[in-house]
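Dear colleague,

Please look through the sequence and the model first, and then read the notes that come after them.

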Amino acid sequence: MTVKKVEIKVDINCEKCRYDIMQTVTELEGVNQVSLDQEKSLLTVVGTMDPVCIAEQLRKIKQKPVVVSVGPPKPPEKKEDKKECKPCHPYYNTCDVVTVGTYESGSGCTIV
């Protein structure tokens, strides 16, 4: 089965409603992620579950679910790759490690 993102409009009147919705949806098979936006009264569920099953379970707890959208979830954001060093001069590479040290007498240096 493919992973999908389901957005459902629900009625959130109190903390008990919120708890019941979260409890009911998280127990369904195939649910990977659940979020509930109380301001928008929007339940978002990501996983391989059937959207119809979500709606049926919500009806059992006296909700009147309205499916807003069903589609693929957003792909994970790519982390920024490390930039490759580009030599600033054809004879030198900016990635080389350079150490400078002096002899005990204080003269001379060593570049590795």
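Predicted model: local features only at pLDDT ≥ 70, side-chain atom pairs only at ≥ 80, totals over all residues.

Four strands form an open sheet in the order S2-S3-S1-S4, and their pairing is antiparallel. S2 and S4 stand at the edges with a single partner strand each, so one side of each is left without a neighbour in the sheet. On average, and with direction ignored, neighbouring strands of this sheet are turned by 15 degrees against each other.

Strand S2, which covers residues 31-37, pairs with S3 in the antiparallel sense over six bridges, and aspartate 37 stands opposite leucine 42 in S3. S3 also pairs with S1, again in the antiparallel sense and over six bridges, and here isoleucine 8 is the residue that stands opposite leucine 43 in S3. S1 and S4 run antiparallel and are joined by five bridges, with valine 70 in S4 as the bridge partner of valine 6.

S3 deserves a separate word. Six of its six residues are buried, so this strand is largely enclosed by the rest of the structure. Leu42, Thr44 and Val46 point one way from S3, while Leu43, Val45 and Gly47 point the other way, and all of them are buried.

Which residues of H2 are buried? In this helix, which spans residues 51-60, they are Pro51, Ile54, Ala55 and Leu58. They cover an arc of only 95 degrees around the axis, which puts them on the same side of H2. The buried residues of H2 pack against strand S1 (4-9), helix H1 (15-26), strand S3 (42-47) and strand S4 (66-71). After H2 comes lysine 62, whose phi is positive, near 70 degrees.

The two helices also meet each other. The axes of H1 and H2 come within 10 Å and cross at roughly 140 degrees, and the two helices are therefore oblique to each other. The crossing in which H1 passes H2 is right-handed. On the H1 side Ile21, Thr24 and Val25 take part in the meeting, and on the H2 side Ile54, Gln57 and Leu58 do.

Finally, I would draw your attention to serine 41, which is found in the loop between S2 and S3. The hairpin of these two strands has four residues between them, and in it serine 41 takes a positive phi near 55 degrees. Is serine 41 buried or exposed? Its relative accessible area is 18%, and since buried means under 20%, serine 41 counts as buried. If its neighbours within four places in sequence are left aside, serine 41 is in contact with Ile8, Lys9, Val10 and Ile12.

With best regards

Key: Residues numbered from 1 in each chain as written. Heavy atoms only, no water. Buried < 20%, exposed > 50% of the residue type's maximum accessible area, 1.4 Å probe, protein only. Arc of directions from axis to C-beta. Contact = heavy atoms within 4.5 Å. Pairing = 2+ DSSP bridges. Axes fitted to C-alpha atoms, helices over the stretch in contact; angles between N-to-C directions. Parallel < 35°, antiparallel > 145°, perpendicular 65-115°, else oblique. Left-handed = near helix turned anticlockwise from the far one by under 90°.
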